[in-house]
Amino acid sequence: MAAAGTAAGPAGPEPMPSYAQLVQRGWGSALAAARGCADCGWGLARRGLAEHAHLAPPELLLLALGALGWTALRSAATARLFRPLAKRCRLQPRDAAKMPESAWKFLFYLGAWSYSAYLLFGTDYPFFHDPPSVFYDWTSGMAVPRDIAAAYLLQGSFYGHSIYATLYMDAWRKDSVVMLVHHVVTLVLIVSSYAFRYHNVGILVLFLHDISDVQLEFTKLNVYFKSRGGSHHRLHALASDLGCLSFCLSWFWFRLYWFPLKVLYATCHCSLRSVPDIPFYFFFNALLLLLTLMNLYWFLYIVAFAAKVLTGQVRELKDVREYDAAEAQSPKASKAEKPLRNGLVRDKRF
């Protein structure tokens, strides 16, 4: 049985570490945990699941019903709101077909990120300013506050819906298989972090990632609307350019600066100070490290695309990841198409 968390943290928030301190302290803590784990293996994993995973069948049922509710709501919104809006604005046929998906995702992620921001900045939770506090007072099977449980239900049910939507509702893209795998992994992470009561750090992870989705879908919507009615609209073109710029900057700042120095430092190093025998330490940290590598991998694509825009190789923002009829007939794309394939990057998140 894991030890209970400390009753309270330090007198004040711990200063955010540097990258060097993250690597040094995180690696040192992980090595110490590995050396101190005398019975690591499947037996320990099975005991950990039995003792520390707390997830009731009614909670899983509520998650499934929420996923069905998101699917029904999206279908209704697409038929009654998004498609009529696209028709009224006289979007180009290809843009009109894609706009409902981006509008739906933009509204969800805007609401989800706003709620996460409210939890971190509008309540007494100190997790953003003092990330090690996510493990203060941790105990196995502890009660999940209702406001955080609501956020988990919101996100978990949405990703359950997203698995179905990727297969049957969204436009099929070159990276749809990867996104399908991503949605499954994300849903597993959300459910498992809730079951093991790592919900405090989960809220911080969601906050640091959802903002990129908001900016991505905002940029795509303005790309679709800038050619509405058969004419060029400078306001939407400017908004798409500014959205792309803010997307690039926020991706680095939120996912490659704050995420490792706040979340990884707390989970790799500070968690063992508060809960020396914290369950599934290596499992969750391995997934968070993998997420960091994915964020870095996709950031390289973002930088490469920005470089093409600055050098004039790409003259305007386009969402070119969809298959079209000509490409479906010809397995080889022309040389002119290849630089545009990663025009707008699919978001990879927790």
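Hi everyone. When I say "helix" today, I mean a DSSP run of H or I at least four residues long, numbered from the N terminus. With that in hand, let's start at Lys87, which sits in helix H3, spanning residues 57-88. Please keep in mind that this is a predicted model.

So, is Lys87 buried or exposed? Exposed means over 50% relative accessible area, and Lys87 counts as exposed because its relative accessibility is 71%.

Which residues make the nonpolar patch of about 700 Å²? They are Tyr164, Leu167, Tyr168, Trp172, Val177, Val181 and Val185. Two elements each give two or more residues to this patch, namely helix H5, residues 146-168, and helix H6, residues 176-195.

Let me pick out one member, Val177, which belongs to helix H6. Val177 has a relative accessibility of 53%, and therefore counts as exposed.

Val177 also brings us to the UniProt record. There, an unreviewed entry carries the annotation "transmembrane region" for residues 103-121, 177-196, 235-254 and 281-307. Let's see how two of these spans look in the model. Residues 177-196 are 95% helix and 0% strand, with 29 Å between the end C-alpha atoms. For residues 281-307, the chain is 100% helix with 0% strand, and 39 Å separates the C-alpha atoms at the ends.

Methods:
Residues numbered from 1 in each chain as written. Predicted model: local features only at pLDDT ≥ 70, side-chain atom pairs only at ≥ 80, totals over all residues. Heavy atoms only, no water. Patch = residues over 30% accessible without salt bridge, like charges linked within 9 Å, V, L, I, M, F, W, Y side chains within 5 Å. Areas by Shrake-Rupley, 256 points an atom, 1.4 Å probe, with all protein chains shown as cover. Salt bridge = Lys/Arg side-chain N within 4 Å of Asp/Glu carboxyl O. Buried < 20%, exposed > 50% of the residue type's maximum accessible area, 1.4 Å probe, protein only. UniProt positions renumbered as here; feature names shortened; annotations may be inferred.
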